[in-house]
Amino acid sequence: MTPITIVKHVFAASWPAFVRLSPRAECPYGSHIPILMISGAIFQPKRILELGTGFFSTSLFLDAEAFPSVEQLHSIENDLKWFDQVRSACESDAKWRPDMWTGPVDERIRSLDLANYDLIFIDDSQDQQSRTKTIQAVFAGKPPCPVIIHDAECWRYRRQVWAHRPYVIFTAFTPQTAVCLPSVCPQRGLVSRAKAFADLLAGEGQRAASPEDWKSMGRSLVASIASTQS
């Protein structure tokens, strides 16, 4: 075994403990739902950029109960078959601006003025290298708003989070979700408090086996934050 191989094995073995990796959720594709809901309550975004559409995120952003402040959702997707499925469920909503892109998502980002958005969510691509390029393109655009990244336990994504801005990483649920904040963010304390509440929920044994379970957790987080402000 070469020294490089040994280093790779040690890295792979130690990484889960380093990023506080809890057991993978029963409904893993929805682990970002509570974090999106609490972010909607804290930041009250009017214009959202969604990179990678999904039944769990697109429909949530368009849910007037979960995101009452949203006036426009701009969703970019480069998987046509997947895009058609999501579009059939959401296209009747006037707030939704679907954007089918035939190339890499990072190339589409370079043509956008990211200052036009109040929140950006990254959950695109089926391979880590492509999503890493998406994250890099978003940060290169210097968005003045929060950037939320799903699957933040991935070392490629985590390295991008570490390198660019203040952040709060929700480690209670796996896949993990990172909320990357502008350098000046009055709500940073609220996001950190929401992470502490999420840790408490997980510590009490609450688990999510469905999107509705995740939404229930999200409502609990929103209520917990609201109680601290009353």
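In helix α4 (residues 80-90), the buried residues are F83, V86 and C90; buried here means under 20% relative accessible area, exposed over 50%, and partly exposed in between, with a 1.4 Å probe and protein chains only. Because these buried residues fall within an arc of 70° when seen down the axis of α4, they line one face of the helix. That arc is taken from the directions that run from the helix axis to the C-beta atoms. This is a predicted model, in which local features need pLDDT of at least 70 and side-chain atom pairs count only at pLDDT 80 or more, while totals for chains, interfaces and linings use all residues. Residues are numbered from 1 along each chain as its sequence is written, and side-chain values use heavy atoms, with hydrogens and water left out.

The buried residues of α4 pack against α3 (58-61), β2 (72-77) and β3 (96-100), contact being defined as heavy atoms within 4.5 Å. Helices (H or I, at least four residues) and strands (E, at least two) are DSSP runs, numbered from the N terminus. On the face of α4 turned away from its buried side sit the exposed residues K81, S88 and A89. At the start of α4, the backbone nitrogen of K81 has a side-chain oxygen of D79 within 3.3 Å.

Turning to helix α1 (residues 3-18), this is where W15 lies. W15 counts as buried, at 13% relative accessibility. Not counting residues up to four places away in sequence, W15 touches E153, C154, W155, R158 and W162. For W15 and W155, which are 140 residues apart along the chain, the C-alpha atoms are separated by 8.2 Å.

Y167 is partly exposed, with 32% relative accessibility. In the loop between β6 and β7 (177-180) lies P175, and the peptide bond from T174 to P175 is cis, with omega near 10°.

V179 is likewise in contact with S39, along with Q44, P45, L119 and I148, when neighbours of S39 within four places in sequence are left aside. S39 is found in helix α2 (residues 33-43) and counts as buried, at 4% relative accessibility. Q44 itself belongs to the loop between α2 and β1 (47-51). Although Q44 is not a glycine, its phi is positive, at about 50°, and its relative accessible area of 43% makes it partly exposed. A positive phi, near 70°, is also found at S125, a residue other than glycine, in the loop between β4 (119-122) and α6 (128-140).

Note on methods. A polar contact is a pair of N or O atoms within 3.5 Å; within protein, one must be able to donate a hydrogen and the other to accept it, and residues adjacent in sequence count only if both atoms are side-chain atoms.
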